[in-house]
Amino acid sequence: YPSMNMAYAAGRAGGTMTGVLSAANEQAVEAFIQEKIKYLDIFKLIEKACDAHMKDLVEKPTLEEIVHFDQWARDYVANQTMAVI
């Protein structure tokens, strides 16, 4: 299960990464349910979001930073979904 390895990696990275992974997952699953992407695209989109977030990772985030990166991840996946279509 590649998603498990990615989740463990997000946990090891800590900070805002776990929130980004969760928000990206929610957005990708929603795109799948709406038949905008294929099932295997879920993992790919989450991985792309986490990789893109690495440069902006905040190790000890404030609540505002958590909320900001949650929305960032949702927007990132939505934009990537549009590119897949």
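**Reading the pocket and the surface**

Mentor: The largest pocket is lined by 13 residues; nearest its centre lie Ser3, Tyr39, Ile42, Phe43 and Ile46. This is a predicted model: local features need pLDDT of at least 70, side-chain atom pairs count only at pLDDT 80 or more, and totals for chains, interfaces and linings use all residues. Residues are numbered from 1 along each chain as its sequence is written, and side-chain values use heavy atoms, without hydrogens and water.

Trainee: What volume does the largest pocket have?

Mentor: Rolling a probe the size of a water molecule over the atoms shows where empty space is left. Here the largest pocket has a volume of about 280 Å³. A pocket is an open set of points on a 1 Å grid where a 1.4 Å probe fits, with protein on both sides within 12 Å along at least five of seven lines; lining residues have an atom within 4 Å of a point. The volume is the space filled by probe spheres set on the points, which are joined across faces, edges and corners.

Trainee: Which helix gives the most to the lining of the largest pocket?

Mentor: α3, with five residues. Helices are DSSP runs (H or I, at least four residues), numbered from the N terminus.

Trainee: Is Ile33 buried or exposed?

Mentor: Exposed, because its relative accessible area is 57% (exposed is over 50%, buried under 20%, partly exposed in between; 1.4 Å probe, protein chains only). Ile33 lies in helix α2.

Trainee: Where is Gly15?

Mentor: In the loop between α1 and α2. Gly15 counts as partly exposed, at 27% relative accessibility. Its C-alpha atom is separated by 6.2 Å from that of Pro61, 46 residues apart along the chain.

Methods. Helices (H or I, at least four residues) and strands (E, at least two) are DSSP runs, numbered from the N terminus.
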